[in-house]
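Q: I'd like a close look at one part of this model, namely the charged pairs. Take me through them slowly, please.

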Amino acid sequence: MSVTLDTLIPSLAQLIEFAIAPVFLLTGVAGFLGVMSERLGRISDRVRVAERRIQTLADPELVERSKQEIILLWERVRATNWAIGFCVASGLMICLVIALLFAGSLLIIDLKLPIVLLFLAAMFFLVFALILFLVEVRMATRAINIVRTIHKPRKYRPGQPPPL
């Protein structure tokens, strides 16, 4: 079977059209990875600050609350790491889908089943990453409540001088 340039160009144009959707999906996954990486950096910074602060606290109750905060921060690090891992796996699956689209077309091989399976795997990985992201956001909300109780200003009775 001979392939001429006249028949190859329309099929390549159609192939590129098919590959555009996974490329847009890959762009979204990359953006999501950027958000999660930024969150991971901020959580890591917060752990360092909390670990340094705990050394300066004298009140045992504040020390215990700070320890609770640090434990929760490490849980957030773990959840974010897993979310990033699932997101990267999703991105890799999408890249393989794009590669197989081109390989199947250029080599004239039927790769529909592997393409569909890889795309489904990519979606499952992305769903897991999004669920873990939601879990991490909920942990962050819990951490805010812990920190708020640590740094909650004391109420003073009228006539009582404020502390210096």
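This is a predicted model: local features need pLDDT of at least 70, side-chain atom pairs count only at pLDDT 80 or more; totals for chains, interfaces and linings use all residues.

A: The chain has three helices and zero strands, so along the sequence you read α-α-α. Of its 164 residues, 29% are buried. For contacts with a separation of 6 or more, 79% come from residues 24 or more positions apart.

Now for the charges. Opposite charges on side chains can pair when the charged atoms come close. The chain has seven salt bridges by the rule used here, and Glu136 takes part in a pair with Arg39, where the closest N and O atoms are 2.6 Å apart. That pair spans 97 residues, with Arg39 in helix H1 (residues 5-54) and Glu136 in helix H3 (residues 112-150). Arg39 is partly exposed at 24% relative accessible area, while Glu136 is buried at 1%.

Glu136 also pairs with Arg76, again with closest N and O atoms 2.6 Å apart. Arg76 sits in helix H2 and Glu136 in helix H3, so this bridge ties together parts 60 residues apart in sequence. Both Glu136 and Arg76 are buried. Through shared partners, Arg39, Arg76 and Glu136 end up in one network.

Another bridge worth a glance is Arg53 with Glu69, at 2.9 Å between the closest N and O atoms. Arg53 counts as buried because its relative accessible area, 15%, is under 20%, and Glu69 is buried at 1%.

Technical notes. Residues are numbered from 1 along each chain as its sequence is written. Side-chain values use heavy atoms; hydrogens and water are left out. Helices (H or I, at least four residues) and strands (E, at least two) are DSSP runs, numbered from the N terminus. Buried means under 20% relative accessible area, exposed over 50%, partly exposed in between (1.4 Å probe, protein chains only). Contact means heavy atoms within 4.5 Å. A salt bridge is a side-chain nitrogen of Lys or Arg within 4 Å of a carboxyl oxygen of Asp or Glu.
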